[in-house]
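Work through the exercises below with the sequence and the model open side by side. Each task is followed by a solution in steps.

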Amino acid sequence: MDLHPPVAGFTDVADEYEVGRPGYPPEVVAALGERLALPDAARIADVGAGTGKLTRALFAAGFDVVAIEPLAGLRARLRAVVPGVEALDGTAEALPLGDASVDAVACANAFHWFDAPRAVAEFARVIRPGGVLALIWHDGVEDDDSQPWSRELLAVIQGSRPAHPAYTEDQGRGAVAAHPAFGALDRTEVRSAYATDSRRILAHVASMSWVGGLPPAEREALLGRAAAVLERHAVESVRVPLATTLWTARRT
């Protein structure tokens, strides 16, 4: 498949991703539902669905969800966690969906991995006129500098992190603005927090694509440095602030 090279780092971290990554709290689901303004049981494609963090929230809210995920390990975990949802093998650039077959496409912490112009053209193809595209990003432990331990952990992460497609000015959103099938992008930010602990924080770090892609010795060394930070600060159960940004555009 035509995937961004660092995506390979997610191949073997399905368990860590599921354990460590935050889900989508009610505040986010409510804001997304308001922005989508879709009828009950609308059909939504969750593209780049991973282990289904957003998929399960949309499904629980009553939407008809089809999850698209190219990596077999993540897709298998999604099917185990959300067995009632259709989960398909596919990429954003070549969706296994018919023309005008969904009311919305949602991309949760995934759009920056796509070839944006090709993906947006596919979204325009599969979203019915009047439907919605939603691009969603979480900030989590890898962005938090609110506590001494989180600042120190952030330094460990940033000290080894390579170039990444997420760290561009618009994360690819210019392709949406440039496509004639979509209206203007609207931005909404939702502030919340999530409960976690040292085990899940380490799993979150381990689930980062570039960490998963490191040679085993380097990966263990980095995770050892992260664990040492948490031990030194006696981090056990904590609440981590979470900023979720929603970008939505209507299909004309």
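The model is predicted, so local features need pLDDT of at least 70 and side-chain atom pairs count only at pLDDT 80 or more, while totals for chains, interfaces and linings use all residues. Residues are numbered from 1 along each chain as its sequence is written, and side-chain values use heavy atoms, with hydrogens and water left out.

**Exercise 1. Overall form**

Task: State how many helices and strands the protein has, and compare its radius of gyration with the value for a compact globule.

Solution. Step one is the secondary structure: there are ten helices and seven strands. Helices (H or I, at least four residues) and strands (E, at least two) are DSSP runs numbered from the N terminus. Step two is the radius of gyration, taken over C-alpha atoms; the globule rule is 2.2 Å times the number of residues to the power 0.38. For 252 residues a compact globule would be near 18 Å, and the protein has 18 Å, so the two agree. Step three is the box: along the principal axes, the C-alpha atoms fill roughly 55 × 35 × 35 Å.

**Exercise 2. Burial, contacts and surface**

Solution. Begin with burial: buried means under 20% relative accessible area, exposed over 50%, and partly exposed in between (1.4 Å probe, protein chains only). Next, take contacts, meaning heavy atoms within 4.5 Å. Among contacts with a separation of 6 or more, 77% join residues 24 or more positions apart.

**Exercise 3. Strand pairing**

Task: Trace the pairings among β1, β2, β4 and β5, giving the sense of each.

Solution. Two strands pair if DSSP finds at least two bridges between them. Start with β1 (residues 43-47), which pairs with β2 in the parallel sense over five bridges; here I44 stands opposite V65 in β2. Then take β1 and β4, which run parallel and are joined by three bridges, with A45 opposite V105 in β4. Finally, β4 and β5 pair in the parallel sense over six bridges, and A106 faces A134 in β5 across this pairing. Now check the cover of two of these strands. In β2 (residues 64-68), four of the five residues are buried, and in β4 seven of seven are.

**Exercise 4. Single residues**

Task: Is each of A100, N109, L202 and A37 buried, partly exposed or exposed?

Solution. A100, in the loop between β3 (86-88) and β4, is partly exposed at 34% relative accessible area. Although A100 is not a glycine, its phi is positive, about 50°. N109, in the loop between β4 and α5, counts as buried at 18%; N109 is not a glycine either, and its phi is also positive, about 50°.

L202, in α8 (residues 198-206), is partly exposed at 23%. Setting aside residues up to four places away in sequence, L202 touches L223, A226, A227 and L230.

A37, in the loop between α2 (26-36) and β1, counts as exposed at 53%. A37 and V132 are 95 residues apart in sequence, and 8.7 Å apart from C-alpha to C-alpha.
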